[in-house]
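This note sets out points for discussion on the structure shown below.

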Amino acid sequence: MRRSTPRLAGVALVMTAGLVLAGCSSKSTGGGGGGSTSGATGGSSASSSLSIQPLVQVDATGKKVAAAGGSTAADPAGDGSAKCSNISIGMAGALTGPNAALGTNILNGLKLAVDQHNKANAGCQVTVKQFDTEGDPQKATQVAPQIVSDTSVIGLLGPAFSGETKATGSIFNQAGLLSLTASATNPGLTTNGWNNFFRGLGNDNSQGGAIASYMKDTLGYKKVCVIQDDSDYGIGLATVVAKTLGSVAVSSCNAKVKTGDKDFSAAVQLVKDASPDAVYYGGYYAEAAPLLSQLRQGGVTAAFASGDGTNDPEFVKQAGDASKGAYLTCPCGPAPDKFAADYKAMFSVAPGVYSVEAYDLGTIMLKGIDKGITARGDLVKFVSSYDGAGLAKNYKWDSTGELASASTWVYQVK
Amino acid sequence: MSTETVTAPAAPHLGVGDRIRLWWDTLPRQTQWLVGIPAIVLIALLPVLRPPVLTTVGTDFGGVLAQFGMYALLAIGLNVVVGQAGLLDLGYVGFYAVGAYTVGLITSPDSPWRVHGLDPHWAWLAALPVAVALTAISGLILGSPTLRLRGDYLAIVTLGFGEIVRLLADNLSNITGGGRGLSRIAYPVVGTSSTRPTGVFSAGNTAHPVNSGTAWFWLSLVLIVVVLTLVGNLERSRVGRAWVAIREDEDAAEIMGVPTFKFKLWAFLIGASIGGLSGALYAGQVQFVVPTTFNVINSMLFLCAVVLGGQGNKLGVILGAFIVVYLPNFFIGRTNLFGIPINGNEIANYKYLFFGVALMVLMIFRPQGLFPARQKLLTYGRDVYAAARRAATALTHRTEETVGEAR
Amino acid sequence: MSVLLLAGGHVLAGSMVSAFDIGALGRNFWALTVDGLTYGSIYALVAVGYTLVYGVLRLINFAHSEIFMFGMFGQYATLMLLGFSPSGNAYQQGTLMTIVYLLVAMVGGMAVAGGAAVGLERVAYRPLRRRGAPALVFLITAIGASFVLQEFVHFVLPKLTGGNLGGVNAQQPIRLVQATAQFHFGNATVNNVEIVIVVAALGLAFATDRFINATKFGRGIRAVAQDPVTATLMGVSRERVIMLTFLVGGLLAGAAGLLYTLRVPSGILYSGGFILGIKAFAAAVLGGIGNLRGALLGGLLLGVMELYGQALFGTEWRDVVAFVLLILVLMFRPTGILGESLGRARA
């Protein structure tokens, strides 16, 4: 290989020719930094200053609501005098496999709450038992009986995804084990008559309706392209958004992408062709970031909005400057600085999507344990009558297990 | 396939495997059943007895064995296509999907195709034959145009077919439920009692000793025995001999008068319907189907089960299926192994790494699989094996004595 | 049952018709063609790796998609070593330095991918060849190797690099080049990134073609592909040829890794090679596996047809279009468009 230099020289020539073009244009966009030799690190730009900032809190019809305020969030530490023994909280979700990031966020949020509780209450050491479902419904059916048969587990945080919840809900229901989900947003889950199932966040209907009304009424967009991925979450969210937008949603650019895709040329062309005021994406950040970058590269300047699956620091990191101005909703409130700092100190990463919910829901279960609850049925009863503020929002459930008042926060990348 | 033949007197050394195999092959059919039935019963009792070490800790052993049952069926079905007829099928998961989706479409309340008026107790059982029939038809649909292709071209086309099935399920959302999946799929409601209000097969049944996973495992064991009997008989028939001929040399087989296309199609059809049967089991056990369950990687895992166990050997591929299902579950939740404290969950993170390494190592040191198929004598086999065994054992006794002295 | 089928058919027809949009294809024809050629040339580069190995060994190297993934990580690591920090935004380094950095990154990616390919051949395939294992065993080993390489980047690499490389999330992009429009034709805007990708990919493919057809090494590869036994008798070292084949395939996959990340900066992920690998393999078969020019043609064709298909049927039909095209072509030309011919097709 090394010795056939004439040919290699030819290759180098062709490639250099191509790369010159690249270089030319980088100059034309850049304006600054003309090839200083030591400047490799100097070219960094302003993306590090971009972050997801809370903008406004809205109700399901997109109207602004005043921040709750007043009540202080429940503290997992309690009063430090709790007594208990051999009690654990289970966590079920994807901890390995392609969806492990979300599961890990949830597990860490719970671990943080339990850690703070255990440090304050020497007489009540609660353990976290993690159960990996890989996000796969069949794996979940293998894991669920283990959770149920572990008598020390009196409450479960999870399952994390809607699909595995559908597959295992009846297992937990028959065992009377509390199932608090921090992330499964499929509206159908609360219609199964499971009295042990509570959702710690608004479902697709409330979040999707809120952002759609906000885009239509407050921001005044006339033409919106709704793009969705093929996950239960993305489809549900996009369907509600498109329905609420009504005629504002343009059907010709209703592109559908696949989870795992990184290249969205055709979707970009469709959007470009329709020249909308805004693009709504129902799905997760792993696809949202390259989609938005490619939209901007393709010359689409329309506003970008997405849901809580995209509301992750990772989205801003990957999309860079392209993410500027993007609207992201979440049924979750902004995490207080102290929470973020504690989280970072413990896991050396920033909290992600659903970390705050997991922390709050864990705290609620710990409150019950501190009250001396040791039976599964009592914890279900405790949660069903719970009413109190958490870091993200106020937690109070209706009879089906939905939050009584689910407001949505709109964030913007600034 | 294999180069060692038991009848060769030049190979005096017989391994343990060879001895067992020779012994087994010489047994009369009735005696084989007499030995086999207690063995099957013992395997069936595994999730009830829950032997230490073997029992998985972090996941329910019954549930794992239920999945093993499904994979074993898949491996037997795929073995017909790959091991017997020598057709490389990389899209076998498509048939699994067709079977599961047929049951889902007929019985799930989310489905636009739901057949109303079925007794919910027996809806699953009613859907089962439809699932098998439809998968067989899908095998025909795939097979008739593609079986003209050979070798690796067939492989990529079947891979494409498997993906197309999944993508159709994903894209045609008003027919198949799309990415949201089909939930509340019917399961047979039998054995209801106060501890099991929805029957033994319900996912909600976690009562000991027979939980939901165990019940499904038993059902799949019964089906495995039935399918093995059918496939075993086929193997010893004209069809089986035609498959071997096609596998070894398709052109020669054609010239010798074997209608290769017809028998290849048969292999596809039979393999497909077994896959569909397994898919129907899946739909009943999980009660929820979603397209992502049926991606290409699963096809690869099924193929791994077949090759790992020893392609062409029906019992070997069942062992392969066990390894593929069981291995990733082994470490989860374990805190000690044989008294040595370990952090099982930490190790479990690396399960696919280990799995990959295990595949590579096994293939290097045992490329023919754990229990490779031997060239079998299909007619009067038993008599010949009996003679061979007498000769071989006599020979080894003699050589072992001399070798022993020499050492 | 018949009523049921009728109802189902109705739903089917409804959903298909609503999705069929010839206008979208017409309006965006040139833009789609440009995008399609861009991706197609990346497919082509990766497809060459499949085709070369297949031509010489009759082996579907399923782990080649992970070699491509290693290439992406290789060029990323090279840029980090050069002092770039991930920012998600484009660096403005001026023309000359951008070229230099891109070339260095490409060499880095090629070195990592080429090394991985040769290593894979040594560790996984050579022992099997020594034992004369059947073809299916190679395939299973390739699947095993694929698991190992992916999980290595997924779990082991972040431990080794203190979380800077690998892990669950995609790497935060280091963008060297900002995509900017260069010229228009029809309604298509062609930007610098697309030009670089197509020119570099075609250049590399052309160089490989010359290498195979006009050098001593290439003659060795062709000889082994044609008849391994005779080639060995004539003094060609089969082992060396095989290693060289893996090396060339790996180098091209590494280069493709860089070109791909120019276009999709946030695609650097442990699982990011899998789908592209399958597509590239399909492209190789489409053109006629074992045939170098076939791989090139297959890649470009697949890239373009995928985008036309998406415009016609809707974006979710991308992969279906690719596989249906493959199946249709193989129905009528069972050995691909150009047929197998690295050496000469075996009967």
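1. Two strands are taken here to pair if DSSP finds at least two bridges between them. The model is predicted, and the points that follow should be read accordingly.

2. On that basis, chain A contains an open six-stranded sheet with mixed pairing, in the order S1-S13-S10-S9-S8-S7. Strands S1 (52-58) and S7 (224-228) of chain A each have a single partner strand and stand at the edges, so one side of each is left without a neighbour in the sheet. From one strand to the next, the twist averages 25°.

3. Within this sheet, strand S8 (residues 278-282) of chain A runs parallel to strand S9 (residues 303-306) of chain A, the two being joined over four bridges. A:Val279 has A:Phe304 as its bridge partner in S9(A). Helix H6 (residues 232-245) of chain A packs on the sheet and touches S7 and S8 of chain A; the helix direction makes about 160° with that of S7(A).

4. The domain assignment divides chain A into domain 1 (47-66 + 205-332) and domain 2 (88-202 + 334-411). Their C-alpha centres lie 27 Å apart. The contact between them takes 30 residues from domain 1 of chain A and 20 residues from domain 2 of chain A. On the domain 1 side, S1(A) provides the largest share, seven residues. By type, the residues on that side comprise 16 nonpolar, nine polar and five charged.

5. Which residues touch the most other members of the largest nonpolar core? In this core of 366 residues, they are B:Ala75, B:Cys304, B:Ala305, B:Ala321, C:Ala44, C:Leu45 and C:Ala282. Helix H3 (residues 29-57) of chain C contributes the largest share of the core, 18 residues. Domain 1 and domain 2 of chain A are also represented, each with at least three residues.

6. Leaving aside residues up to four places away in sequence, C:Leu45 touches C:Ala201, C:Leu204, C:Ala205, C:Leu252, C:Ala255 and C:Ala256.

7. How many residues does each of chain B and chain C give to their contact? The contact takes 38 residues from chain B and 38 residues from chain C. On the chain B side, helices H6 (151-171), H7 (173-176), H12 (296-309) and H15 (351-365) of chain B each supply at least two residues. H6(B) gives the most, with ten residues. The side of chain B that touches chain C divides into 29 nonpolar, six polar and three charged residues.

Notes. Residues are numbered from 1 along each chain as its sequence is written. Chains are lettered from A and ligands numbered from 1 in the order in which they are written. This is a predicted model: local features need pLDDT of at least 70, side-chain atom pairs count only at pLDDT 80 or more; totals for chains, interfaces and linings use all residues. Axes are lines fitted to C-alpha atoms, for helices over the stretch in contact, and angles run from 0 to 180 degrees between N-to-C directions. Two residues are in contact if their C-beta atoms, placed from the backbone, lie within 7 Å. A nonpolar core is a set of buried Ala, Val, Leu, Ile, Met, Phe, Trp, Tyr and Cys residues joined through C-beta atoms within 7 Å. A residue is buried if 20 or more other C-beta atoms lie within 10 Å of its own, exposed if 12 or fewer, and partly exposed in between; C-beta atoms are placed from the backbone. Domain bounds come from an automatic or database domain assignment. Ala, Val, Leu, Ile, Met, Phe, Trp, Tyr, Cys and Pro count as nonpolar, Asp, Glu, Lys and Arg as charged, and the others, Gly among them, as polar.
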